[in-house]
Amino acid sequence: MTLSVKHTFTSPKADGTDSTLIQPSNWNAEHTITAAAGKVLGRDTSGTGSVQELPLAFDPTMQSMVPPTGTTAQRPVTATAGMLRYNTDLAKVELYNGTSWGSVGGGAAISDSGPANPQPGDLWWKSDEGQLYVYYNDGSSSQWVIANAFMGGTAFGDITVTSINNGPLAGSRNRIINGAMEIDQRNNGAAVANASGYTVDRWKVAYAGSARYTAQRSSVAPTGFVSSLLATVSTAASPGAADGNIVEQYIEGLNTWDLAWGTASAKTVTLSFWVRCSVAGTYCLRVANGALNRSYVTTYTISATNTWEYKTVTIPGETSGTWASDTNISMIVSWDLGFGTNYNAPSANTWANGNYVRVAGAVTLNTNNGATFYLTGVQLEVGSRATPFERRMYSQELSLCHRYCQAIKQGVGAFPNTTQAQINVQHYIPMRSAPAVSQTATITVTDYIAMDVTQSTVGIAITNANDIYGTCVSLSNYSGVVAGRTAGIRNYTGTGVIILSSEL
Amino acid sequence: MYKDAVYVKNTMTGENCAINCTINGQQWSVPLDPANSDYAAIMKLVAEGKLTIAPADPVSSGDNN
């Protein structure tokens, strides 16, 4: 290898005594750099003429070049754009771009945990998540952020993905049924005073103590929704230690077993919802198991009164406790509407043994007469990020509700005597269990020959076959019917419907 | 709130097949199915001595309301 050297001295300099070095007298000659002396030497241009090692070296085999080398602390105090060096702290070649030093090349680090001493722009493939992160400085702090997320961009061509948020790709992400509060088979929007039980489908409003709520499906809803569950304080009272008011949904084990709760593989879930309340402050919700001996209480804030707000909370998968994987209750998701101290969790945001609903200091809504609480757009999904509400077709949502409740308006049977009609009802779909039966008002039946007759008062009982597929009910309190004739519910004059319930 | 519980006989077999009961102020007929949550709640109250279930009318065919 040869190297041409030009001197920059502005005045003559005498040759030095070391004849092995380049001399002023032979600046313009060609000089050989040997493998044994792989460093390039030069002369100080400040005028002293001292020989200095240039910050560049070659390995002994002359097959690689070593740039200036040093620690982070040894970076030039006054750097200029284009400076290149090897940082021994970071084990990376770095370049000064006129503003900051950044790593050059090297690709992404691959590991379960982030690499040490990251620099803005560094890439990291998080092996256990299958996510690409970039180290980002937003001006006030630096952190790893997901680099391969779609941020509103457009993908052209096929996309291959294994999951969304570690959950299903699409469909059935939401474990909550009737989260948009559309279905209301029992009451069809009518208010239920002193609510204690199911209001809109799958949603239970309950109380213990003196405070009462009126509950109903409401058309007040945030943009993108048409319904909500409204609970209004009708009788305000401070809850005793064991008292409380609550809105909640019980989730069946068949719909959550894949979460693997109660095992070391328990998956994190995220709950998202829209809420609107007439009293601002800190509120609580909880997730508990069916036995109510494992609870996770967390808080959310109503920032402005009577304003829809979107909330998300992420709940770590529970590795302890018993979580049903069959037709029993696996999980209860509850919104605290005011509870006594017996239900105060030791602390928020941690799993605890016991039946807890809130933490001390949260708003006790049931002490505010006339206070309103609206809830809709409820979604519980796998992963640590909330995704847009999973909107199912109305018929799909209704069918999901039918597993637990069916409002029956048709059925055929016979009059066994002059006062009763036995009606056989085939369930729309198989129910969770053999259902209990009730009726919303008196029901009219026909003998298909000459007569329609309506009950004088409600009266219904299971008097024959009853299982998950069908139910035979006896409607009583008719008069003047002819025993032995066919009986059918056509419901074109009566107002009542038969309610079948196999709720959890 | 469960009260006024009474057994109902199957009209064909004559055996108990349900419990008529007032639940939160509404009349219900509850099957004898342990998987039914109302039946489970009734039997829990019975076990705790907080509810008794009256026997069915010998000629009952569900007209217990």
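## Helix 1 of chain A

In this predicted model, helix 1 of chain A, which spans residues 394-402, has Glu397(A), Cys401(A) and His402(A) as its buried residues, where buried means under 20% relative accessible area, exposed means over 50%, and partly exposed lies in between, with a 1.4 Å probe and protein chains only. Helices (H or I, at least four residues) and strands (E, at least two) are DSSP runs, numbered from the N terminus. Seen down the axis of helix 1 of chain A, its buried residues fall within an arc of 145°, so they line one face of the helix; the arc is that of the directions from the helix axis to the C-beta atoms. Strand 26 (405-408) of chain A is included in what covers these buried residues, as judged by contact, which means heavy atoms within 4.5 Å.

Gln396(A) also lies in helix 1 of chain A, and this residue is partly exposed, with a relative accessible area of 42%. The side chain of Gln396(A) reaches the backbone nitrogen of Met393(A) at 2.8 Å. This is a polar contact, that is, a pair of N or O atoms within 3.5 Å; within protein, one must be able to donate a hydrogen and the other to accept it, and residues adjacent in sequence count only if both atoms are side-chain atoms.

## How the model was read

Residues are numbered from 1 along each chain as its sequence is written, while chains are lettered from A and ligands numbered from 1 in the order in which they are written. Because the model is predicted, local features need pLDDT of at least 70 and side-chain atom pairs count only at pLDDT 80 or more, whereas totals for chains, interfaces and linings use all residues, and side-chain values use heavy atoms, with hydrogens and water left out.

## Chain B and its helix

Chain B has one helix and four strands, which follow the pattern β-β-β-α-β when read along the sequence. Of its 65 residues, 42% count as buried. Among the contacts in chain B with a separation of 6 or more, 37% come from residues 24 or more positions apart.

In helix 1 of chain B, the residues Asp38(B), Tyr39(B) and Ile42(B) are buried. They cover an arc of only 100° around the axis, which puts them on the same side of helix 1 of chain B, whereas Lys44(B) and Ala47(B) are exposed on the other side. What covers the buried residues of this helix includes strand 29 (436-439) of chain A, together with strand 1, strand 2, strand 3 and strand 4 (53-54) of chain B. At the start of helix 1 of chain B, a side-chain oxygen of Asn36(B) reaches to within 2.9 Å of the backbone nitrogen of Asp38(B), and just after the helix, Gly49(B) takes a positive phi of about 75°.

## Where the two chains meet

At the interface, 25 residues of chain B are in contact with 28 residues of chain A. The two chains bury about 1900 Å² between them, 45% of it on carbon and sulfur atoms; buried area here is the accessible area (1.4 Å probe) that two parts lose on being put together, summed over both. Between chain B and chain A there are zero salt bridges, a salt bridge being a side-chain nitrogen of Lys or Arg within 4 Å of a carboxyl oxygen of Asp or Glu. Twelve residue pairs, with both residues at pLDDT 80 or more, are in polar contact across the interface.

Strand 1 (2-9), strand 2 (16-23), strand 3 (26-31) and helix 1 (37-47) of chain B each supply at least two residues of the side that touches chain A, and the largest share, six residues, comes from strand 3 of chain B.

## Salt bridges within chain A

Over all chains, the whole structure has 17 salt bridges. Arg85(A) forms one with Glu94(A), the closest N and O atoms being 2.7 Å apart, and Arg75(A), Arg85(A) and Glu94(A) are linked in a network of salt bridges. Arg85(A) is buried, with a relative accessible area of 5%, and Glu94(A) is buried as well, at 2%.

The side chains of Arg186(A) and Glu503(A) meet in another salt bridge, at 2.8 Å from N to O. Arg186(A) lies in the loop between strand 13 and strand 14 of chain A, and Glu503(A) in the segment after strand 35 (498-501), so the pair ties together parts that are 317 residues apart in sequence.
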